[in-house]
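Work through the exercises below with the sequence and the model open beside you, and try each task before reading its solution.

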Amino acid sequence: MKNAPDQPVAVISGIGVSLPRKIVASRDLDAELGLRSGWLERNCGVRQRHVASVDETQEAMGAAAARAALADAHCAGDDLDMLLFAAAVGRQPIPATAPLIKQLLGLSAHNFPAFDVNATCLSALTAMDLAAMYIHAGRAKKVLVVASEIASRALPWKTDPRTAGLFGDGAAALVVGGAEPADAACALGPFLMETYSEGYTFCELRAGGTRYDFHREQEAFAANSQFAMQGSALYQLTSQNAPGFIARLLDLAGWKQSEVDLVVPHQASPHALAHIVKRCGFAAERVVDLAAELGNQVAASMPIALFKAREAGRLESGMKVLLLGTSAGVSLGGAAMVA
């Protein structure tokens, strides 16, 4: 995790979160769906999740999280050099959501670039890596990363409640800036991402792009407009590759696994987090596990978990932290960070 003497260190200087007001308990969904009481929590592991109301739009949540992150970093919006919006599903296919976030923040008069990054559940982590690369290259000094997801829409409640019950809504934002090595709190270290494309069909939202033409194939478009997941196949592929991936990430960071103080994972599901503990050798108390209370918030889940860990006092100065996650496609991604 060493930088060249003349190369700035990329750090997270501010973080903010915005969660929908409404919290929906699994037991209430059981009653709505005609399921036996406790079925969803037993099968999904999720006790409750935040669900956006009509007035809580994806872009409004993202802008609220961004304002909180900017305030946390003591950063004015006009100090920014770039805005990256990170999500699996944006507001609409065209244009990107990032320019709208920029507009809502009152920054339209500033000509810095704003564009989207989509690596599904790894979008925020990938955007953080991209921000760090711009900083290391001297092309940016401060980058705002915004992740906002309304995952509660397009879920297969009638056909696959076990999958639908995993998800929740929320937004998070981070200010990534450059710092001298001596000031490198929350320093972002090496990033690693590997894609196992044999799992391309394991997580899909098939409609909404070019695959189905709504005007010519309206029935097919409608039939494929809900999220679909092959949970068992996804588990097998990630389980097979996760230990080796983590070993390679630790090698890049120059760390031993025993030196990792905290693991902040994508909150894919409570069962997936239990797998990290069992299969990959991390003690349960060192893994941030909020999935039962928040659900899978897709790209927003990892930065929200990082925020919650800091809020709970679990992120102490000098800690060695691993950010880890999976995404549709299928990919594994991670980064090392020194708090």
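The model is predicted, so local features need pLDDT of at least 70 and side-chain atom pairs count only at pLDDT 80 or more, while totals for chains, interfaces and linings use all residues. Residues are numbered from 1 along each chain as its sequence is written, and side-chain values use heavy atoms, with hydrogens and water left out.

**Exercise 1. Describe the overall build of the protein.**

Begin with secondary structure: the protein has 11 helices and 13 strands, where helices (H or I, at least four residues) and strands (E, at least two) are DSSP runs numbered from the N terminus. Next, compare the radius of gyration, taken over C-alpha atoms, with the globule rule of 2.2 Å times the number of residues to the power 0.38; a compact globule of 339 residues would have a value near 20 Å, and the 19 Å of the protein agrees with this. Finally, turn to burial, for which buried means under 20% relative accessible area, exposed over 50%, and partly exposed in between, using a 1.4 Å probe and protein chains only: buried residues make up 51% of the 339 residues.

**Exercise 2. Find the aromatic pairs and classify their geometry.**

A pair of aromatic rings is described by the distance of the centres and the angle of the planes. Rings of Phe, Tyr and Trp (its six-membered ring) pair if their centres lie within 6.5 Å, and planes under 30 degrees apart count as stacked, over 60 as edge-to-face and the rest as tilted. A search of the whole structure finds 2 such pairs. In one, Phe167 and Phe227 have their centres 5.3 Å apart and 80 degrees between the planes, an edge-to-face arrangement. This pair links distant parts of the chain, with Phe167 in the loop between α6 (161-164) and β7 (170-179) and Phe227 in the loop between α7 (218-223) and β10 (228-229), 60 residues apart. Phe167 counts as buried, because its relative accessibility is 8%. Phe214 and Phe221 also pair edge-to-face, because their centres are 5.3 Å apart and their planes stand at 80 degrees; Phe214, at 40% relative accessible area, is partly exposed, and Phe221, at 23%, counts as partly exposed too.
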